Amino acid sequence: MECQAVIRCEWAGDDPLMQRYHDEDWGVPIHDDRALFELLVLEGAQAGLSWRTVLHRREGYRAAFDGFDIATVAAYNNEDRERLRADTRIIRNRAKIASAITNARATLTIQAEHGSLDKFLWSFVKGETIRNTFQTLADIPAQTDKSRAMSKTLRAHGFNFVGPTICYAFMQSAGLVNDHVTSCFRYE
């Protein structure tokens, strides 16, 4: 009996961690504020880098940022910023570290105004995953009208490192959109 090869989205490549992320996490709808905040921070950290680079540091980020506890990160001070700048487990870019703290504070405001980060972010897709039917990686856009609207609104609420391309990558990873290509075993 012949084994069939698993067909994945080509971006997963041959890196076992990337494949596991693709197979188990990417595109699975997330409704937990802490997990959504984590993805916003990580997607922002990716700016100018590959997702593989960030993914291989995710556990380091979780340790360095106190499990992405929103209130804890929002309370970080200059001493915490310097601690993070010295932490080799994360991307030590000063602006990206500051952004994580700023975005935690903005998240607390969103939670107070809208009840939850989940409710706020999922409102951009009316609470339902958008199911796309892209056949190749080249068909998938870098941003959409919805990611541009999310970006604009997040920025108005004080977030940064949330451009429309980062927001679309976030929407893909958090399951707001299903962008697995139609031939991928995860598409269904």
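## Stop 1: the loop between H4 and H5

Begin by selecting Phe 68, which is placed in the loop between H4 and H5. Helices here are DSSP runs of H or I with at least four residues, strands are runs of E with at least two, and both are numbered from the N terminus. The model is a predicted one, in which local features need pLDDT of at least 70, side-chain atom pairs count only at pLDDT 80 or more, and totals for chains, interfaces and linings use all residues. Residues are numbered from 1 along each chain as its sequence is written, and side-chain values use heavy atoms, with hydrogens and water left out.

Phe 68 has a positive phi near 60°, although this residue is not a glycine. Its relative accessible area is 0%, so Phe 68 is buried; buried means under 20% relative accessible area, exposed over 50%, and partly exposed in between (1.4 Å probe, protein chains only). Now select Asp 66, in the loop between helix H4 (58–64) and helix H5 (70–74). Asp 66 also takes a positive phi, of about 50°, without being a glycine. With 43% relative accessibility, Asp 66 is partly exposed.

## Stop 2: the nonpolar core

Select Phe 65 next. Together with Leu 121, Met 150 and Phe 170, Phe 65 touches the most other members of the largest nonpolar core, which has 54 residues. Such a core is a set of buried Ala, Val, Leu, Ile, Met, Phe, Trp, Tyr and Cys residues joined through side-chain atoms within 4.5 Å. Helix H2 (residues 33–45) contributes the largest share of this core, eight residues. Beyond its neighbours within four places in sequence, Phe 65 is in contact (heavy atoms within 4.5 Å) with Val 73, Tyr 76, Leu 84, Ile 90 and Ala 100.

## Stop 3

The structure has one cavity of 30 Å³ or more, and the largest cavity holds about 70 Å³ of space. H2 and helix H7 (94–114) are the elements that give two or more residues to the lining, and H7 gives the most, with five.

On a 1 Å grid over the protein atoms alone, a cavity is a set of points where a 1.4 Å probe fits but cannot get out, whereas a pocket is an open set with protein on both sides within 12 Å along at least five of seven lines; lining residues have an atom within 4 Å of a point. Grid points are joined across faces, edges and corners, and a volume is the space filled by probe spheres set on the points. Ala, Val, Leu, Ile, Met, Phe, Trp, Tyr, Cys and Pro count as nonpolar, Asp, Glu, Lys and Arg as charged, and the others, Gly among them, as polar.

## Stop 4

The largest pocket contains about 350 Å³ of space. To find it, select Trp 11, Trp 26, Gln 46, Ala 169 and Gln 172, the closest to its centre of the 16 lining residues. The lining divides into 11 nonpolar, four polar and one charged residue. Helix H1 (16–24) and helix H10 (164–173) each supply at least two lining residues, and H10 gives the most, with five.

Now display the whole of H10. Is this helix enclosed by the rest of the structure or open? Seven of its 10 residues are buried, so H10 is largely enclosed. The buried residues are Ile 166, Cys 167, Tyr 168, Phe 170, Met 171, Gln 172 and Ser 173. They pack against H1, H2, helix H8 (117–122), helix H9 (145–156) and strand E2 (177–178). Just after H10, Gly 175 has a positive phi of about 80°.

## Stop 5: two loop residues

From Gly 175, move to Pro 29, which has Gly 175 among its contacts, together with Trp 122, Thr 129 and Ala 174, leaving aside neighbours within four places in sequence. Pro 29 is located in the loop between H1 and H2 and is partly exposed at 43% relative accessible area. A distance drawn from its C-alpha to that of Asn 178, 149 residues apart along the chain, reads 9.1 Å.

Then select Ile 140, in the loop between strand E1 (130–131) and H9. Ile 140 is buried, with a relative accessible area of 16%. Not counting residues up to four places away in sequence, Ile 140 touches Phe 134, Tyr 168, Gln 172, Asp 179 and Val 181.

## Stop 6: the cysteines

Finally, select the cysteines. How many disulfides are found in the whole structure? The search finds zero, a disulfide being a pair of cysteine sulfur atoms within 2.5 Å. For Cys 184, the nearest cysteine sulfur is that of Cys 9, 3.8 Å away. Cys 184 is buried at 4% relative accessibility, and Cys 167 is buried at 1%.
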